[in-house]
Amino acid sequence: MRPKLVVGNWKLNTRRDEAQALAQALAAGWSGSAQVRLVVCPPAVHIPVVAAALEGSRVALGAQNLAEQPEGAFTGEIAGEMLADYGCGFVIVGHSERRALFGETNAVVASKMLRALDSGLTPIVCIGETLAEREAGQVEAVIGAQLDALVAAATAGLAGIVLAYEPIWAIGTGQTASPAQAQAVHAFIRGRLSAANPAWADVPVLYGGSVKADNAASLFAEQDIDGALVGGASLAADDFLAIGQQALQA
Ligand code: PGA
């Protein structure tokens with residue numbers, strides 16, 4: 001069985017004290033397991049505070065974004081190596097909010113994925129369709145194109161990445177894909193990756209989009225769902241820990 005990964009994406013939330021308290025509560029409340037990895041991705045400016053709060057715990061640290069470049073005249077950007085220096089092991093790449101609001105194309109997402117790998121970070125690459133695309137029957141075409149861009153860019157392979165399937169219509173809406181809807185797309189993703197290269201059959205594929213403590217178990221029960229990328233419910237320690245517990249029991 002593939003181990004599970006439960007990732008909290010705090011987005012543009014938490015002030016310094018809140019970030020510290022949340023990280024301390026997670027560190028205290030998670031005893032860890034080889035079967036389930038818990039990761040938190042705070043706003044970048046809080047990374048040092050959160051890293052200190054997580055020290056010695058079994059909760060891992062990630063970032064929400066990284067620059068496409070390693071260094072240079074790119075005002076406001078943060079390089080993967082800098083994130084690694086501060087203790088990050090993971091970075092979310094190509095979240096739908098970055099694609100829709102900050103103009104990240106499939107090509108930019110693929111190039112950031114490579115930068116993450118070069119920096120020693122595990123990229124959690126997000127893919128997913130809009131409601132209009134789903135209603136038009138284009139789920140596989142959209143997801144397929146997003147995957148193809150990654151496959152084309154990854155000359156050294158995709159074995160070190162994590163994927164997150166996040167249907168955009170389910171993000172922050174309280175509307176979750178049903179376990180069967182999610183499983184169908186996860187199976188499609190796994191099939192497409194294994195067809196490209198059998199060695200990629202075990203790339204973890206997380207589900208994201210309104211995952212909560214009360215729907216996580218049914219999602220985790222699906223064969224091709226390897227964990228969750230959690231937004232809103234990752235901002236309360238008890239809720240996020242409860243999702244971690246569901247993954248442990250899956
Ligand atoms: P949500 O966000 O859990 O609040 O829907 C998920 C995400 O955007 O990663």
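This report describes strand pairing, a ligand site and several loop residues in a predicted model.

## Basis of the values

Residues are numbered from 1 along each chain as its sequence is written, and side-chain values use heavy atoms, with hydrogens and water left out.

Helices (H or I, at least four residues) and strands (E, at least two) are DSSP runs, numbered from the N terminus. Strand 6 comprises residues 162–165 and is covered on both faces. Val 162 and Ala 164 lie on one side, Leu 163 and Tyr 165 lie on the other, and all are buried. Here buried means under 20% relative accessible area, exposed means over 50%, and partly exposed is in between (1.4 Å probe, protein chains only). In a regular strand the side chains alternate between the two faces of the sheet.

Two strands are taken to pair if DSSP finds at least two bridges between them. Strand 5 (residues 122–127) pairs with strand 6 in the parallel sense over four bridges, and Ile 127 has Tyr 165 as its bridge partner in strand 6. Strand 6 also pairs with strand 7 (residues 205–208), again in the parallel sense, over three bridges. Tyr 165 is bridged to Tyr 207 in strand 7. From strand 6 the chain passes through helix 8 (residues 179–196) to strand 7, a β-α-β crossover that is right-handed. That term applies if, with the strands pointing away from the viewer, the path from the first strand over the helix to the second runs clockwise.

## Strand 8 and its neighbours

In strand 8, Gly 227 and Leu 229 point one way, Ala 228 and Val 230 point the other way, and all are buried. Strand 8 pairs in the parallel sense with strand 7 over two bridges, where Tyr 207 has Ala 228 as its bridge partner. Strand 1 (residues 4–9) is also parallel to strand 8 and is joined to it by four bridges. Within that pairing, Gly 8 stands opposite Val 230.

## The ligand site

The ligand is surrounded by 13 residues, the closest being Lys 11, His 95, Glu 166, Gly 172 and Ser 210. A residue belongs to these surroundings if one of its heavy atoms lies within 4 Å of the molecule. The shell consists of four nonpolar, seven polar and two charged residues. In this division, Ala, Val, Leu, Ile, Met, Phe, Trp, Tyr, Cys and Pro count as nonpolar, Asp, Glu, Lys and Arg as charged, and the others, Gly among them, as polar.

An oxygen atom of the ligand is 2.7 Å from an N or O atom in the side chain of Lys 11. Ligand oxygen is also found 2.8 Å from a polar backbone atom of Gly 231 and 2.8 Å from a polar backbone atom of Gly 232. Taken alone, the ligand exposes 290 Å², of which the protein buries 97%. Accessible areas come from the Shrake-Rupley method with a 1.4 Å probe; for residues, only the protein chains shown count as cover.

## Loop residues

Lys 11 lies in the loop between strand 1 and helix 1 (16–29) and counts as partly exposed because its relative accessibility is 21%. Its phi is positive, at about 50°, although Lys 11 is not a glycine. Ser 210, in the loop between strand 7 and helix 9, also has a positive phi, near 55°. Ser 210 is buried because its relative accessible area is 10%. Most residues other than glycine have a negative phi.

Ser 234 is located in the loop between strand 8 and helix 10 (237–249); at a relative accessible area of 0%, Ser 234 is buried. Its side chain reaches the backbone oxygen of Gly 231 at 2.7 Å. This is a polar contact, defined as a pair of N or O atoms within 3.5 Å; within protein, one must be able to donate a hydrogen and the other to accept it, and residues adjacent in sequence count only if both atoms are side-chain atoms. Pro 167 is in the loop between strand 6 and helix 8 and is buried, with 0% relative accessibility. Its C-alpha atom is separated by 7.7 Å from that of Ile 127, 40 residues apart along the chain. Ala 221, in the loop between helix 9 (216–220) and strand 8 (227–230), is exposed because its relative accessible area is 64%.

Methods: This is a predicted model: local features need pLDDT of at least 70, side-chain atom pairs count only at pLDDT 80 or more; totals for chains, interfaces and linings use all residues.
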